[in-house]
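Here is a short briefing on one protein model. Start with the pocket, then move on to the charged pairs and the sheet.

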Amino acid sequence: MKITVLGSHLCPDTLYAVNQLAAAGVDTKYLDILSCHADLRMYLHIRETSPLYESIRGTDRLGVPLFIREDGSMTLELKEILG
């Protein structure tokens, strides 16, 4: 299973997650939202429209890392990915 991770190289939670996924041998595609406008635009669209982000919209939380499974389902929980 391939997992897409949207996050930031400046976010310790993102770096931790990417390292944990690599250690577990998970096929990962990392998209750094602070170094690519297209990735940032995609992330902002998801954050503004997905029910996953309802509880953090309007707060100081950024909501990264975001994990997207091959089937398009999303989670903010690394433990759900690592199982």
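Helix α1 (residues 12-23) gives the largest share of the lining of the largest pocket, three residues. The model is predicted. A search of the whole structure turns up two salt bridges, and four strands form an open sheet.

**Largest pocket**
- The space in the largest pocket comes to about 240 Å³.
- Its lining residues are D13, Y16, A17, R61, L62, G63, V64, P65, F67, L76 and L78.
- By class, eight lining residues are nonpolar, one is polar and two are charged.

- Side chains of opposite charge can pair when their charged atoms come close.
- R69 and E80 form a salt bridge, with 3.4 Å between the closest N and O atoms.
- R69 lies in strand β3 (residues 66-69) and E80 in helix α3 (residues 78-82), so this pair ties together parts eleven residues apart in sequence.
- R69 has 19% relative accessibility and counts as buried, because the cut-off for buried is under 20%.
- E80, at 45% relative accessibility, counts as partly exposed.
- R47 and E48 also meet through their side chains in a salt bridge, at 3.8 Å from N to O.
- R47 counts as buried, at 9% relative accessibility.

**Sheet**
- The strand order is β2-β1-β3-β4, and the pairing is mixed.
- β2 (27-32) and β4 (74-75) are the edge strands; each has a single partner strand, so one side of each has no neighbour in the sheet.
- Strand β1 (residues 2-7) pairs with β2 in the parallel sense, over six bridges.
- Within that pairing, V5 has Y30 of β2 as its bridge partner.

Key: Residues numbered from 1 in each chain as written. Predicted model: local features only at pLDDT ≥ 70, side-chain atom pairs only at ≥ 80, totals over all residues. Heavy atoms only, no water. Pairing = 2+ DSSP bridges. Helix = DSSP H or I, 4+ residues; strand = E, 2+ residues; numbered from the N terminus. 1 Å grid on protein atoms, 1.4 Å probe; cavity = no way out; pocket = protein on both sides within 12 Å on 5 of 7 lines; lining within 4 Å. Points joined across faces, edges and corners; volume = space filled by probe spheres on them. Nonpolar A, V, L, I, M, F, W, Y, C, P; charged D, E, K, R; others polar. Salt bridge = Lys/Arg side-chain N within 4 Å of Asp/Glu carboxyl O. Buried < 20%, exposed > 50% of the residue type's maximum accessible area, 1.4 Å probe, protein only.
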